[in-house]
Amino acid sequence: MTATIFAIKRFAIHDGDGIRTTVFFKGCPLQCVWCHNPEGLSFQIQEAFYSHKCVGCGECKKEYFTAKDCLGEARILYGKEVTINELLPILLEDKDFYDNSGGGVTLSGGECLMQADFCAELLQKLKGLGIHTAVDTCGFVSKESLEKVVPYTDVFLYDLKAYDEDIHLKCTNRSNNLILENLKYLESIGKNIEIRIPYVPDYNDNQIEKIAHFLAPMKHISKVRILAYHNFAGSKYEALGIKNTLPSPLPTAEELQSAKKLLESITNFTVLS
Amino acid sequence: MNIMKYISDTDYSYIMNKYHDASQPFDSFKHLLTNHEAFYDTHTGLSSEQIEQGIRENDETYKDAPRSVRKARAVEYVLQNTRISCDKRDRFPGICTIHRVIDRALISQWRNEVTNTIIPEVFAKRYEYAVSGLVSVVPDYSHSAPRWDRLFRLGFRGIMAEAEAAKKKFTQITPLGFEEEGFYESIHIVYSAIIVFLYRLAENAKDQNPRLEKALLSLAENPPQSFYEQLLFDYLFFIIMEHIACMSCRTLGNFDVQFYELYKQDLAKGVSAEELRTDLAYFLMQFPALGNYWQQPVYLGGTKSDGTSQINELSYEFLRVYDEMGIYNPKIQIKLAKNTPKPFVLKALEMIRSGHNSIVFIMDETMQKSLIRTGATEDEARRGNITGCYESYMPEGIPMAMIYFNLIKPLEYTMSGGYDIVSGKLCGLETSTAFETFDEFYETYRKQLAHSIRKTLKIVDGFAPYLWRINPQPMLSATFETAIANARDALNGGCKNPSCVVLCGYLANIADSMTAIKELCFDKKELSVSEFKKILENNWEGHALLRQRVLNRLPHYGNNEETPDRFAREISSYASEVAEKHNNLYGFPCGAGFHVARMHYSHGKMTFATPDGRLAGDELSKNISASMGRSTKGPTAAILSATKLAASSFQSDACLDLGIHPSSVKGNDGLEAMYALLMTFEARGGHALHINVFDSEILKKAQQEPEKYKDLQIRVCGWNALWNNISKEEQDGFIRQAEALI
C-alpha cells in the first residue's frame with residue numbers, strides 16, 4: 001500500500017505535545033482561502049518553480065530532466081509515493097527525542113484521512129513501537145475514515161474554522177455540517193482532542209463566541225489553540241502557478257488576546273495562542 | 001538590559017571607565033595593550049610606562065636569582081607601584097596597570113631567548129606549520145585554574161603558610177637546590193606582596209569606601225569571612241594572576257558551590273538577599289568593564305559525592321542577577337546532568353531564548369568519563385574544572401600547549417603525494433597518488449593525518465621543558481598541593497597530569513569531503529582523484545554543476561546520514577587514538593578535542609577548495625557542527641550526528657553549536673522542546689551544547705542599522721561578541737547560517 005505525501009517535518013513543536021515528526025499527506029477536500037500549504041491541496045503530484053533559487057545551469061532544458069535533477073533546487077516536486085516500510089525508519093529517527101519530550105508522530109496534510117487506510121496501518125505500527133500518535137484533521141471526512149484511525153490515535157488535532165455554515169462556506173468552499181458531526185463523534189467516544197482555530201481577520205474572527213459555546217459542554221478537549229493567520233506562503237502559490245487567495249489583514253496581538261480571553265470566559269479549556 | 005536595577009548611573013559610568021576610556025571606540029582585541037591611565041590619581045603610584053621601565057631596572061638587581069624569583073619581584077614591583085582607586089562608586093578596587101606589563105618588560109625577553117637562541121629549530125618548525133595552515137601550536141598560558149577551594153579556605157596568608165610548611169617538609173627529605181629554593185622564595189615574595197597591596201588598597205579606601213577598606217583589611221589577614229569578601233578575593237586573585245602575573249585565570253570557579261557557604265551564612269546573619277544580589281552585580285560588572293574578548297568563564301552546577309546535584313539557591317540567584325543585568329561577560333558554563341533540577345535548566349534556556357547566548361551546557365557525565373581517561377580519580381573527575389571555552393581539567397590539571405589542527409591539510413597531502421596544494425611545498429609524507437580503491441585512499445589519509453599529528457606533538461615536546469622558564473608561575477603554583485609538595489612550578493611538573501591536547505578542526509568538512517571522494521571517484525568512478533584535485537586547484541572553476549551536485553545531492557554530516565557521520569566518527573576517534581599513543585614530557589598520553597576558536601576563518605584562508613563543495617579561502621566548519629548551510633534536517637538530526645562521536649573517549653571538548661530559529665521555540669512548548677533537545681544530547685553522551693536562537697531578518701537589519709542593535713550579541717565560538725564589533729565577513733557568515741535554519 002502506498003500514500004502520497006508532500007513533506008516530512010522534523011522538530012515539529014506545535015503539532016501536538018513534545019518534539020514530533022509531522023507527515024504531510026497530499027490532497028485536501030477543503031479550499032481554505034488562507035491555506036499556507038497550497039502544495040497540499042491537490043491530490044496530484046505537482047512541480048513548483050522557485051525562480052529565485054535558479055542557478056541558470058540549463059539542465060531543465062534537457063530531455064529526460066525531472067525536478068529531482070535541478071541542481072539549485074529551484075524546481076521542487078511536491079508529492080511522493082511512499083510505503084510504510086519507507087516511512088517508518090524516518091519517523092523512528094527521532095525516537096529518543098519523542099521519549100524525552102512526550103512527543104511522537106503527527107499525521108497532517110492536506111488532509112491525511114483522505115488516505116485513511118494507509119494512515120490506520122501506519123498508526124498501528126507506530127503504536128506497536130510505543131510511539132505517541134496524533135492526527136491533524138479538518139474533519140471533512142467520512143465517519144468511516146475516522147473510525148479506521150481512532151484505535152491507534154492518542155490525540156486528534158481538530159481544526160475548527162467557523163460555526164455558521166455560510167461563514168464556513170465563504171472560508172473553505174465547503175459546509176461544516178460533517179465537521180461538527182465528526183467532532184461530536186470523537187467527543188462521544190472519549191478521544192483526546194486538541195481544537196485548533198485559525199484566526200483570520202475579516203473571515204472567521206466573528207465566530208469565536210459561537211465556536212466557544214459549541215465546545216463548552218465537551219469533556220474531552222485537552223486544549224484549544226488559536227492559530228494566528230500569517231501570509232508567508234505567497235511564494236508557494238506563485239511557484240505552483242495557482243491563484244493566491246491569501247487574505248491581506250493579519251491579526252494583531254490584541255485581537256488574538258481578545259479571542260483567547262473570550263474562549264476562556266465561555267469554556268474551561270486551556271487556551272493557547 | 002537593566003544594569004541600573006543594581007548599579008546607579010554614576011557608579012556604572014565610573015566602573016566602565018576604570019580600565020578603558022568608555023568614550024573611545026573599544027577594540028576588544030587591542031585593548032590588552034592599553035589601559036586607562038588618565039582615570040587614576042597620579043599620587044597613588046607610577047604610570048604604566050614608568051612601571052615597565054622600573055621592572056627592567058629592578059630586575060637588574062635580581063639578575064642572578066632563579067627566574068621564578070625574578071618573576072615574583074616583577075609582580076611585587078607592579079603591586080607596589082600601580083596606580084589604584086577605591087572610589088566609593090564601586091565595591092571593587094580599580095587597578096591601573098593591568099595590561100600585562102611584565103610580559104613586555106620581562107617575559108618577552110625570556111620567550112625570545114627560548115624561541116631564538118635555545119630551541120630556534122623548534123620554533124622555526126612551529127612557524128612553518130602555522131603559515132602552511134596545518135596547525136597553530138603555541139605554549140599555553142591561557143587555560144589554567146587555581147585551586148579556588150584552597151584559596152577560599154586558607155586566604156592569602158594561609159596559602160603562604162602552607163607553602164612554608166611544605167618547604168620544611170621537603171627539606172627534611174632532601175636539601176633544596178637553586179631552583180627549588182627559588183620556587184619557595186618566589187611564592188613568599190608574591191603572596192607577601194599581595195598582602196602589602198591589600199593594605200595599600202585599604203589605605204586608599206579609607207574614608208571614601210569604608211566597607212571596602214574593612215574587607216581588604218580582613219583579607220590581608222584571613223580567608224574570606226563573608227560573601228562580599230569572597231567576591232572581592234575572587235576578583236583580586238583573578239586580576240592579579242591574569243592581568244599582572246600574566247597567567248590567565250581561566251575560570252572564576254564553580255561559583256554556586258564555592259560561594260554557597262558564605263552566602264548562606266550571610267543570609268542567616270540577616271544580610272538581605274537584595275544586598276547580596278547587589279554585591280554580585282558589582283562583581284559581575286567588573287568583567288564587561290575589563291572587556292576581554294574571550295570573556296571570563298565561570299561555571300555552575302556539578303554533582304555531589306552522593307550523586308545529587310550541586311544546584312542550590314545561589315545558582316538561581318546568579319542566573320537571576322545575570323539575566324536582569326543583560327550582560328554577556330562573564331560567560332557561563334553549566335555542568336548538566338540528569339540530576340540537574342529542571343526549573344534551573346528551564347531558566348537558563350529561557351535566558352538563551354531571549355538572547356543570552358553566552359551560556360553553554362557541559363555534560364557532566366561525559367566530562368567525567370573524559371577526565372578519568374586522563375588519569376583522574378572519580379572524585380577528581382567529579383570536581384573537574386571547566387576552563388576557557390569548553391575545556392576541562394582535573395583539579396591541579398594544567399595544559400601545556402594550545403594546538404589548533406587542520407584536519408583538511410592531510411587531505412591535501414593525500415591528494416597530492418604529500419604536497420600542500422596551496423603552497424606547493426612538501427609538508428606531508430611522500431605517498432603515492434595512484435589509488436585503486438577508496439580504502440587505499442582512506443588509509444593514505446590516515447597515514448598523513450597520523451604523521452601530521454605526531455610532528456605537531458614533537459613541537460610541544462620541544463618547548464614544554466621551557467614553559468616555566470619563559471613564564472614561571474609562583475602565584476598559581478602556590479595553590480597546587482602537588483607543586484608545593486615537590487618544589488616544582490605548576491608548569492614544570494608541579495601539577496596533576498599535565499595535558500597536551502590537539503584541538504582538531506573542520507570535522508564536517510573532512511567528513512563531507514571523504515563522502516564526496518568516495519562517491520565520485522570510487523563508487524561511481526566519474527572522475528579520478530587527480531582529476532578531482534585539478535578541479536579543486538582551480539577552485540571549481542568550470543565545474544559549477546558538479547559543485548552544485550556535491551552541495552545539494554550528496555549526504556552531509558549533521559543530518560544523521562550514515563556515510564558522512566561514519567567518517568566523522570572514525571576520523572575523530574582516529575585522531576584521538578594517534579594523539580594518545582604519544583606521551584608528553586611527563587609521561588602522560590596526549591589527546592584530542594574538537595573546537596576551533598576563530599581558526600576556521602584563518603585556516604579557511606589557507607586551505608584549498610575542498611571536495612565537499614567549499615570554495616578556496618572560505619571559512620571552514622565550526623567545532624563539531626555541520627558545515628555552513630549543510631544541516632538541513634533540523635536540530636534533532638544535528639544532535640543525532642554529533643552524538644555518534646565518541647565524546648567521552650576524547651581528552652578534551654567536542655562542542656555542538658545548534659542554531660534554532662526563534663519561531664521553532666516559541667511559547668512554553670518551545671522551551672520544553674529546547675529542554676528535550678538538551679537532555680537527549682546528554683543521554684546520548686554528547687559533550688558540550690551551545691544553543692543559538694537567532695533570526696536572519698534581525699541580523700540583516702542589524703547589519704543595515706547597526707546603531708539600533710548596539711546590544712545584539714552573537715556567539716563566535718566559546719565566547720560572545722557584539723554584532724557591531726565583528727567584521728562584515730563574519731556577519732555575512734552568521735546571516736547565511738541563520739538563513740539555513742529551519
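A salt bridge here is a side-chain nitrogen of Lys or Arg within 4 Å of a carboxyl oxygen of Asp or Glu. Keep that in mind as we walk through this predicted model.

**Stop one: a charged pair.** Select R553(B) and E73(A). These residues form a salt bridge, with their closest N and O atoms 3.5 Å apart. Across the interface of chain A and chain B, the rule finds three salt bridges. The same rule-based search for polar contacts gives six residue pairs across this interface, both partners at pLDDT 80 or more.

**Stop two: the chain A side.** Now colour chain A by its helices and strands. β1 (2-12) and α2 (95-101) of chain A each supply at least two residues of the side that touches chain B. The most comes from α2(A), with four residues. By class, this side of chain A has nine nonpolar, four polar and nine charged residues.

**Stop three: the whole contact.** Show both sides together: 22 residues from chain A and 25 residues from chain B take part. About 1900 Å² is buried between the two chains, and carbon and sulfur atoms give 59% of that area. On the chain A side, pick out F11(A), L71(A) and F97(A), which lose the most area to chain B, together 35% of what that side buries.

**Stop four: a residue in chain B.** Move to Q473(B), in the loop between α19 (467-470) and α20 (474-477) of chain B. Is Q473(B) buried or exposed? Q473(B) counts as buried because its relative accessibility is 1%, under the 20% cut-off. A polar atom of its side chain lies 2.9 Å from the backbone oxygen of N471(B). Further along the sequence, Q473(B) touches residues including K71(B), Y141(B), C246(B) and D489(B).

How values were computed:
Residues are numbered from 1 along each chain as its sequence is written. Chains are lettered from A and ligands numbered from 1 in the order in which they are written. This is a predicted model: local features need pLDDT of at least 70, side-chain atom pairs count only at pLDDT 80 or more; totals for chains, interfaces and linings use all residues. Side-chain values use heavy atoms; hydrogens and water are left out. Contact means heavy atoms within 4.5 Å. Buried area is the accessible area (1.4 Å probe) that two parts lose on being put together, summed over both. A polar contact is a pair of N or O atoms within 3.5 Å; within protein, one must be able to donate a hydrogen and the other to accept it, and residues adjacent in sequence count only if both atoms are side-chain atoms. Ala, Val, Leu, Ile, Met, Phe, Trp, Tyr, Cys and Pro count as nonpolar, Asp, Glu, Lys and Arg as charged, and the others, Gly among them, as polar. Buried means under 20% relative accessible area, exposed over 50%, partly exposed in between (1.4 Å probe, protein chains only). Lists of a residue's contacts leave out its neighbours within four places in sequence.
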